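Thanks, everyone. Let me put the model up, and then we'll go through salt bridges and strands.

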Amino acid sequence: MHRRFSSGAAVSRVTVSGLGEHHRAALADLLGMDRYPPSTLTIAVVRLNAVLGEIAGCDTRTATEAIIGPIGDRAAERRDRERERAALWSWLAGHPVVAAEPALLDWVADVRRRGLVAGSLEDTRSMLEQVLSVLVALPADGRPLAAFANDTLGDPHALDVGRRVSGAVLKALACLYGIDPPSDASERRALWERAGIACDSLSTTVLVAGLRPSGSDPFARSLNLWADAGQACVVTLAQLVEASDLEGVGSPVWVTENPTIVALAVQRLGKRCPPMVCSSGWPNSAAVRLLRGLAASGRVLRYHGDFDGEGLRIAAYVMARTGALPWRMSVADYLAALADASGPFSSAGRVSDSPWDTELARSLTTHDVAIAEEALAESLLGDLERAAGTVGVIDR
């Protein structure tokens, strides 16, 4: 009866089975039967209520609680747990980190499929909060993994191999970059390095042009020399770590995905080239550090990239990590470029959402045609030419 009452459903009768002789005798005495019942018996609750009311002054539910203990409501408890789980997954899918980088929704779906950590909502949320705090802090600036883990999570071993948080972070990064999760030590190491962990601060570089910081340190002087010479240059992560500040750089700073646009800008504008940074595909830790530094100094960042699935993911990543604004990255820009394009066409590939223009991702999925950044070179160079002769932001 306790188990049936705890189901949360109405109980009108209960069947007991496997009764031994002493059970049957006890039931016969309780119910006032003139003979022993069979080994399986169905008993109406109203009959039990009548008997217990007469001999104990209570109904069956009250007697059950007195003998066995408090009666719960498993159905209500299940509904509560389902609501709590739904709230957890809704929180994760709507978290600012995920909303800014929709490619992470595949990771969210994978986490949900795997279920709760040890069946615990609290443990699962705690783990996910740690993962999200790591993702926000990436890409790193070349620190060893243990130092990064200590700075981010307060535990130098939190991201060791075999730790649940470490595995979840790597799966999230794999979704973000559109690659398979690492399957061995070398692949894990390569993925961490891609995210700026223990990377070579000399070989991790970013291409720039037209940057003229006002400082007098070697970093600022060298950038000014190359800008005055009308040349692009490469900056290392080590130089950026040691750089004092980026004050004096003009605004906006124009950010491209492909080096070709920087090369064309330098070729056409020479020493008049406005400030430019190239992410060279997925931005490494040097590119992100530079862009964050420029944004922190008050510079407006304008980003343009390829119109394909990966290009949209890179754009979302750059905007989320640096605060950059879109530059000719609207659905209207895509459709105009598509109208001017001539075949053969490449597929757009796997397309994730574009938070800055929701229609762009839908249009890219519908047409399934990739438009390389170089196809918009003349439009982009026109903006750069106008920026070279004007002050302020071109609002596109």
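Start with helix 7. Asp110 and Arg113 both sit in this helix, three residues apart, about one turn. Helices here are DSSP runs of H or I with at least four residues, strands are runs of E with at least two, and both are numbered from the N terminus. Asp110 forms a salt bridge with Arg113, and the closest N and O atoms are 3.5 Å apart. By salt bridge I mean a side-chain nitrogen of Lys or Arg within 4 Å of a carboxyl oxygen of Asp or Glu.

A word on the source. This is a predicted model, where local features need pLDDT of at least 70 and side-chain atom pairs count only at pLDDT 80 or more, while totals for chains, interfaces and linings use all residues. Residues are numbered from 1 along each chain as its sequence is written, and side-chain values use heavy atoms, with hydrogens and water left out.

Back to the pair. Buried or exposed? Asp110 is buried, at 17% relative accessible area. Arg113 counts as exposed, at 63%. The cut-offs: buried is under 20% relative accessible area, exposed is over 50%, and partly exposed is in between, with a 1.4 Å probe and protein chains only.

Helix 18, residues 358-367, holds Arg362 and Glu359, again three residues apart, about one turn. Their side chains meet in a salt bridge at 2.6 Å, N to O. Arg362 is partly exposed, at 47%. Glu359 is partly exposed too, at 41%.

Arg321 and Glu101 meet in a salt bridge at 2.9 Å, N to O. Arg321 lies in helix 16 (residues 309-322) and Glu101 in the loop between helix 6 (96-100) and helix 7 (105-114), so the pair ties together parts 220 residues apart in sequence. Both Arg321 and Glu101 are buried.

How many salt bridges does a search of the whole structure find? It finds 16. There is also a network of them, linking Asp141, Arg143, Asp151 and Arg289.

Last, strand 5, residues 253-256. Val253 and Val255 point one way, Trp254 and Thr256 the other, and all are buried. In general, side chains in a regular strand alternate between the two faces of the sheet.

Strand 5 pairs in the parallel sense with strand 7 (residues 301-304), over four bridges. Pairing means DSSP finds at least two bridges between the strands. Thr256 has His304 in strand 7 as its bridge partner. Strand 5 also pairs in the parallel sense with strand 6 (residues 276-278), over three bridges. There, Trp254 stands opposite Met276.
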